[in-house]
Amino acid sequence: MAEQQEQAAPDAIMTRIGQVVMLHHGGDREEARGRFLDLWAEIGEDGDPLHRCTLAHYMADTQDDPADELAWDLRALSAAEELSDGRVAEHHQSLAVRAFYPSLHLNLAADYLKLGRSEAARSHLRRARGAVGALGDDSYGDGVRAAIGRLELRLDGAGASGEACGPDSLGGPGGETLGPPRQRP
């Protein structure tokens with residue numbers, strides 16, 4: 001039976017991550033967080049960077065504490081830095097590592113803003129803006145560009161202190177109001 005599953009899904013871990021993402025999007029945040037943690041333990045700190053990047057990227061959305069969300073988004077960025085285009089193409093031929101960076105930096109910018117660290121938020125927002133050329137002209141790319149614009153406006157309204165942008169003004173836990181649309185794995 002396991003052999004059949006491997007044939008049906010060339011990358012069983014990515015399939016399992018996708019199932020947990022659907023569970024989360026269905027509203028069962030705590031169960032999703034628990035399953036992501038189980039998968040993280042299985043993958044390990046030194047596991048496949050694509051698996052770690054993807055899981056950490058989605059795990060961040062299940063966090064209640066902005067500091068925990070930041071920690072998972074930093075893990076996603078760190079894993080992305082270990083990725084090669086060849087490994088990403090094994091999962092989906094149209095993907096390139098550089099297309100991950102606008103979303104990853106945007107999420108970090110939103111995390112830092114929630115934590116009142118507006119300069120760090122601005123730094124990551126500049127990186128996100130500088131990387132948007134890697135995005136396609138599609139709904140995902142449009143969504144990321146729009147989210148960058150919303151966060152820029154939010155930061156401009158916050159002034160240097162970031163005080164006008166408390167966690168409540170950024171949406172619920174997971175930052176879905178400002179964050180980009182996350183593609184399914």
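Leu77 is buried, its relative accessible area being 8% (buried means under 20% relative accessible area, exposed over 50% and partly exposed in between, with a 1.4 Å probe and protein chains only). Keep in mind that this is a predicted model, where local features need pLDDT of at least 70, side-chain atom pairs count only at pLDDT 80 or more, and totals for chains, interfaces and linings use all residues. Residues are numbered from 1 along each chain as its sequence is written, and side-chain values use heavy atoms, with hydrogens and water left out.

**Around Leu77**

- You'll find Leu77 in helix α5 (helices are DSSP runs of H or I with at least four residues, strands are runs of E with at least two, and both are numbered from the N terminus).
- Leaving aside residues up to four places away in sequence, Leu77 touches Tyr101, Leu104, His105, Leu108 and His124 (a contact means heavy atoms within 4.5 Å).

**The nonpolar core**

- The largest nonpolar core has 48 residues (such a core is a set of buried Ala, Val, Leu, Ile, Met, Phe, Trp, Tyr and Cys residues joined through side-chain atoms within 4.5 Å).
- Inside this core, the residues with the most contacts are Ile17, Phe36, Leu55, Leu104 and Leu106.
- Seven helices each put in at least two residues: α2 (12-25), α3 (29-43), α4 (49-59), α5 (66-80), α7 (101-114), α8 (118-131) and α9 (139-158).
- The top contributor to this core is α7, with eight residues.
- As background, nonpolar side chains tend to be buried together in soluble globular proteins.

**The tryptophan pair**

- There is one aromatic pair (rings of Phe, Tyr and Trp, the last by its six-membered ring, pair if their centres lie within 6.5 Å; planes under 30 degrees apart are stacked, over 60 edge-to-face, and the rest tilted).
- Trp40 and Trp72 have ring centres 5.0 Å apart and planes at 85°, so this pair is edge-to-face.
- Because Trp40 is in helix α3 and Trp72 in helix α5, the pair ties together parts 32 residues apart in sequence.
- Both Trp40 and Trp72 are buried.
- Arg75 has its charged end over the ring of Trp72, 4.1 Å from the ring centre (that takes NZ of Lys or CZ of Arg within 6 Å of the ring centre and within 35 degrees of the ring normal).

**The chain overall**

- The chain has nine helices and zero strands.
- Of its 185 residues, 49% count as buried.
- Among contacts with a separation of 6 or more, 64% join residues 24 or more positions apart.
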